[in-house]
Amino acid sequence: MPASLKQRLIAAVIDREGGYVNHSSDRGGPTNHGITRAVARENGFHGDMRKLPKSLAVKIYEARYWTSIRLDRIAPISATLAEYLFDFGVHSGPGRSAQELQRTLNVLNSRGKLFPDMRVDGAVGPATLSALADYRKHRGGAGVHVLAESINGVRIAFCRGLAERDERQEDFAYGWFHRVVNLRNEVESDHGERLALSLYSEIETGMA
């Protein structure tokens, strides 16, 4: 059975992030499988970050960065938008990813003619999902493509701002931009499929 979009996204980010990393310029501190120590602690892991199980990392990605943004509801509308929102959430927090979706929809509603402005609170609920559905109804698939690419543009600008405000973050700027620009090819490729099947096979057999 082919891997789901959620599985491919999670496998891609775990592969990209690698294992244990503790870069001196990384404000998030040590990470393993891309999970920061703070997020690991929030999810009940209090051991050495070098020993964070890959299976727990997958559960965190599923709950914190897929389910919390309601990507199960967004992916059927646009897999591309779901991909961008997921990875933005992993990189900058799910709340910020959701806020940028809400902000962008608010400026694309033709001054309230297509759907009402919504509160920008970072919580994807009925108002956000309804606005997205109304937007698609009025703008169609081409309009949803514009929305998705606009979110990616916002993300690149956000990353650039981080490096402008803190020169140490220039250590990561090219990698961030490369990640954003190449995300779809990475996730939707045959390689992305193989990564997902391998990862979830490891988890099912208790090897991760």
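Among the contacts in the chain between residues at least 6 apart in sequence, 59% join residues at least 24 apart, where contact means heavy atoms within 4.5 Å. This is a predicted model, in which local features need pLDDT of at least 70 and side-chain atom pairs count only at pLDDT 80 or more, while totals for chains, interfaces and linings use all residues. Residues are numbered from 1 along each chain as its sequence is written, and side-chain values use heavy atoms, with hydrogens and water left out.

**The whole chain**

Begin with the cartoon view, in which you can look for nine helices and two strands; helices (H or I, at least four residues) and strands (E, at least two) are DSSP runs, numbered from the N terminus. Read from the N terminus on, the elements follow the order α-β-β-α-α-α-α-α-α-α-α. The C-alpha trace spans about 55 × 45 × 30 Å along its principal axes. The radius of gyration of the chain is 17 Å, which agrees with the value near 17 Å for a compact globule of 208 residues; this radius is taken over C-alpha atoms, and the globule rule is 2.2 Å times the number of residues to the power 0.38.

Of the 208 residues, 45% are buried, where buried means under 20% relative accessible area, exposed over 50%, and partly exposed in between (1.4 Å probe, protein chains only).

**First stop: salt bridges between helices**

Which residue forms a salt bridge with Arg 8? Select Arg 8 and Glu 193, whose closest N and O atoms are 3.8 Å apart; a salt bridge is a side-chain nitrogen of Lys or Arg within 4 Å of a carboxyl oxygen of Asp or Glu. The pair links distant parts of the chain, since Arg 8 sits in helix H1 (residues 5-17) and Glu 193 in helix H9 (residues 190-204), 185 residues apart. Both Arg 8 and Glu 193 are buried.

Next select Arg 184 and Glu 83, another salt bridge, with 3.7 Å between the closest N and O atoms. Arg 184 belongs to helix H8 (residues 170-188) and Glu 83 to helix H5 (residues 79-92), so the pair ties together parts that are 101 residues apart in sequence.

**Second stop: helix H7**

Move to helix H7 (residues 126-165) and select Asn 152, which is buried because its relative accessible area is 7%. Leaving aside neighbours within four places in sequence, Asn 152 is in contact with Tyr 84 and Val 180.

Asp 134 counts as partly exposed at 22% relative accessibility, while Lys 137 counts as exposed at 63%.

Finish this helix with Val 154, a partly exposed residue at 28% relative accessibility. A distance drawn from the C-alpha atom of Val 154 to that of Ala 142, 12 residues apart along the chain, gives 19 Å.

Select Arg 16, Glu 17, Asp 87, Arg 155, Arg 179 and Glu 186 together, and you will have a network of linked salt bridges. The structure holds 14 salt bridges.

Then select Asp 15, which is in helix H1 and counts as partly exposed at 42% relative accessibility. Not counting residues up to four places away in sequence, Asp 15 touches His 191 and Leu 195. The C-alpha atoms of Asp 15 and Leu 199 are separated by 9.3 Å, although these residues are 184 apart along the chain.

**Last stop: two loops**

Most residues other than glycine have a negative phi. With that in mind, select Arg 70, which is not a glycine and yet has a positive phi of about 60°. Arg 70 lies in the loop between helix H3 (54-67) and helix H4 (71-74), and is partly exposed, with a relative accessible area of 26%.

Finally, select Arg 111 in the loop between helix H6 (94-107) and H7. Its phi is also positive, near 55°, and Arg 111 counts as exposed at 80% relative accessibility.
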